[in-house]
Every structure is written in C-alpha cells, then in structure tokens.
Amino acid sequence: MGKVPSDFLWGSATSAYQVEGASLTDGKGPSVQDTKKLPANTTDFKVASDHYHHFKEDIALFQELGLKAYRFSIAWSRILPTGQGEVNPAGLAFYDELINACIQAGIEPIVTMYHFDLPDALEQAGGWANRATIDAFVAYCQILFDHFGDRVQYWLTINEQNMMVLANESVLSGRKSVQQSFQENHHMLLAQAKVIKLYHELDYAGKIGPAPNIAYAYPASSAPEDILAAQWFNSIRNWLFLDVPVYGRYDPQAMSLLQAMQVAPEFASGDAEILAAGICDIIAFNYYNSNTVAANMPEKGQAQTPTADFSVPYFFKSVSNPHLAKTEFGWEIDPIGFRITLHELYNRYHKPLLITENGIGGRDELAADGKIHDDYRIQYLSAHIQEMTQAIHEGVDVIGYCSWSALDVVSTHEGMRKRYGLIYVNRTDTELRDLKRYPKDSFYWYQGVIRNGGV
Ligand code: BG6
C-alpha cells in the first residue's frame, strides 16, 4: 500500500478535563465534570495527568514521537470561570503557552472548543435547555478566535454532541425527558451554526467543523426490515448531527423519526435561517467501533422511547455482531467498519475528513523492564490505519488522523483503569505516584508509521 500525502496531519488527541488537572487552579471555574458524581474507586479530574504543569515535557515527547498535529480542547471555564462575563487572563496565558509550544515544536494545534465540560455556572442556569447558553458559547468562541486565531488553523466546535444527546445520563435515569434532550441538541446545533458563521465572517484562513462520533451501522441481516432499521439508526445516530453543519438543515429521515417519537425540537422563529447560515469547512469525527441493528417489533402499545442500549421500539434495536472481536472493556473492534464509515461520510458530504479520535482502552501496566508492552494497541491502531490508508487510495479526502490518546488520560467513566495513551502516566485511580511519563511500545511503533508516511 502507498503512502499518504506528505502534508497529512499525523496526530494524537486529549481533552482538557481528562488530561489537564489543575481543575480549580489559577482562576479556573468548575465545569460539570468537576461537580458530577463518580463511580466508586474511580478518580476524579482534580489532577488527571497534570498536563497543566507537565505540558512542556509532554510536547517534547510529542515532538520526539514525530506528531504533526496535537488535538486538545480548551476548558471553557478556564477562560471564563462562570461561562460568561469576565475573562480569566491566566486561562488565556496557559493556552498561549501551550499553542506556542506546539508551534515551536512543528506541531499543528487542532483546538476543540467544547469537550463535555460545560461551565457549572451555566449548567446551574439551565445548561443547554436555556437558549442563553447559545449566546454564551458564541461569545466564548469569539474570545478564542480573537486571541488564538492568528495561530490556530483548525477549530472544532463541539466534541461528540451525538453521544451527549443519545447517551444522556439524565435521560437514561429518567431525570430528563427525551424531548428535552433533543431540544438541548437543537440549541447546540444553533450555537454551532452561529460560531461557524462568525468564524467565516471574521475572515480567518483556517478551517472549522463539528466533531461527532460517527460509525456506520450495519443491518443484522439482509431482511429488508433490518436494512430499514439500519437506515433509521444511521439517520438518528449519524446524519442528524452532520446534515445540519453540512447542508444547513435537519436530515429529513431523522426529523421524521423524532416526530414519530414525539420528541422533535421546537423551532423559534429564525432558527431555520441560523442553521442554514453556518456551513462547515471540514468534518472531524471520532471512530471507535461500528454498530449493528435489527428491526424491533415489540408488544403493541409500547412507547417509542429510546433505551440505554440505543434501541427505539418499532424502529430498531442494537444487537451484537458475531463477526467482531471485543476489547477487554466490551467494545467491538471493526477496522473495516472504519473504512466503510470513511466512504459513507465522503459519499454523502464530499467534505475533507479529519479523524479526531481512534484508539483502544486497556489496563496497561509498567513492566519490570520499565516498559509498557501494549501490543494489542499496536494491532488495533495498525489495522485501523491500514483501512484508512486504503480508503484514501480509494479516493476519500482524509486530511489527518489523531489517535486517542496522546498520553494516558482519565477515561470518561472508568478512571485510570482504562488507558488509551501512547505515553504511560504513572498514577492509578487511588495513588497519584510521581506522574512520570513512559513512552509505551505503541509510541515507538507510531513513530515509525509517521516517519514512513503511514506504511
Ligand atoms: C470519546 C470521547 O467518546 O471516547 C473521549 O471524546 C473519551 O473523551 C473516549 O475518553 C473514550 O471513551 P471512554 O469512555 O472509554 O473514556
């Protein structure tokens, strides 16, 4: 197989609350991640991987690794401690240093503006249910553009909005209705459209786009009912979140499903025009695994409400795929599904694609020889990179690939037990230890991949 283009952005990623630590340091306000309840024996995010204090050393390691890009997120409440109003100069100064260090190391900064860490003050005022949050997000993004726009060429609006909406813990526990969740989703789509429009009006030369989690869903069989179920599933899991930033309107099939479930969002006057005016330049997306779905004909009268396993009675239900192996945390592994997803995305949208996350979580341990032998990660990444390279040769316009994660970070729900990094961070859920960094075997393997242009 040939190489990828020489300007390809070989990268790796993290997110602010999972990596930085210093969760209330130097004026940072709390985010919803700092106030949420965590499972037992699982670390909080107070120290995380302490990237806030170790970023120079981390970037030196990224440079040794040969990264061409580093995708990180900016913590909204580090810039604006209550989400709006007074700017925290120490917050701007931290990201100034981080961005400058990347550039000096020849690493392109790719910035996500919001990665699961809404400022808690905004959450207390209603969060995304409150339309005022839309304007707060636009004002925050304008600060970022004004301050960092001269150096940052790649901007991502919202990380995995679809997972925030579809796997919403408040909905699944019954504290919030499904309709509320799709109303909040609508407000996020409006906020994103306004920010994209603003960025274009400010006339920067860079690119901006959304960053959902996209994975093409297979039908469980060739039965037409299963194929229809897969279409419904794809519409609400994938296209709902990309048709808006690419075409400026909801995917009609997804909207008809929302209407059938009686959870369609209410549009205020002018909303359709706002969505139509914010068209993205690139599509960034995260890929971990595929989905398989079957028709779902339940008892008559059962409500059309989604369930925790991503099923909607009368439309589809998630099933496991007998052809796929699973990670030790139960996630299906499907590198060919990655290639299929790349083709589907490019066929549907014809926009440059940027992979912002792809990786495997496992229980890595420091071996007696002072190394971390993560062959399973090398296998996972290698298989996915091969399929991506194949898709590029088959005509898909992919501009970059970021593995998740550059260094070990705190997993969203499983603390430090579930590690994704190319660099080990010496701490556990219960012991902080010395936080020393150790390149894993996958670090040296990825270094070779980058050096050889993907081969
Ligand atoms: C993505 C998120 O959902 O997957 C990351 O953008 C997250 O923040 C990653 O860490 C892996 O998920 P998890 O739950 O295993 O940490």
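Colleague: Which residues of α11 meet Gln253, Ala254 and Leu257 in α12?

Modeller: From α11 they are Gln231, Trp232, Ser235, Ile236, Trp239 and Leu240. Two residues are in contact if their C-beta atoms, placed from the backbone, lie within 7 Å. This is a predicted model: local features need pLDDT of at least 70, side-chain atom pairs count only at pLDDT 80 or more, and totals for chains, interfaces and linings use all residues. Residue numbers run from 1 along each chain as its sequence is written.

Colleague: And how many of those α11–α12 contact residues are nonpolar, polar or charged?

Modeller: Six are nonpolar, three polar and none charged. Here Ala, Val, Leu, Ile, Met, Phe, Trp, Tyr, Cys and Pro count as nonpolar, Asp, Glu, Lys and Arg as charged, and the others, Gly among them, as polar.

Colleague: At what angle do α11 and α12 pack?

Modeller: Axes are lines fitted to C-alpha atoms, for helices over the stretch in contact, with angles from 0 to 180 degrees between N-to-C directions. For α11 (residues 224–247) and α12 (residues 252–260) the angle is about 105 degrees, and the axes are 8 Å apart. That makes the two helices roughly perpendicular; the label covers 65 to 115 degrees, with under 35 roughly parallel, over 145 roughly antiparallel and the rest oblique.

Colleague: How do α7 and α10 sit, then: roughly parallel or roughly perpendicular?

Modeller: Helix α7 (residues 132–148) packs on α10 (residues 178–201) at about 30 degrees, with axes 9 Å apart, so the pair is roughly parallel. On the α7 side the contact includes Phe137, Val138 and Phe145, and on the α10 side Leu190, Val195 and Leu198 are among the residues. By class, that contact holds 10 nonpolar, three polar and one charged residues.

Colleague: What about α3 and α5: at what angle do they cross?

Modeller: Roughly 5 degrees, with the axes of α3 (residues 51–65) and α5 (residues 89–104) coming within 10 Å. Those two are therefore roughly parallel as well. Tyr52, Phe55, Lys56 and Ile59 of α3 meet Phe94, Leu98, Ala101 and Cys102 of α5. Seven of these contact residues are nonpolar, none polar and one charged.

Colleague: Stepping back, how many helices and strands does the protein chain have?

Modeller: It has 16 helices and 13 strands, taken as DSSP runs numbered from the N terminus (helices H or I, at least four residues; strands E, at least two). The radius of gyration is 21 Å, close to the 23 Å the globule rule gives for 455 residues, so the chain is as compact as a globular protein of that length. The radius is taken over C-alpha atoms, and the rule is 2.2 Å times the number of residues to the power 0.38. Along its principal axes, the C-alpha trace spans about 60 × 50 × 45 Å.

Colleague: Which peptide bond is cis?

Modeller: Check Trp404 to Ser405, where omega is near 5 degrees. Ser405 lies in the loop between β11 (398–404) and β12 (423–425). Asp203, in the loop between α10 and β5 (207–211), has a positive phi near 70 degrees, though it isn't glycine.

Colleague: How many residues surround the ligand?

Modeller: There are 14, and the closest are Ser15, Glu160, Gly361, Ser411 and Thr412. A residue is near a molecule if its C-beta atom, placed from the backbone, lies within 6 Å. The shell has two nonpolar, nine polar and three charged residues.
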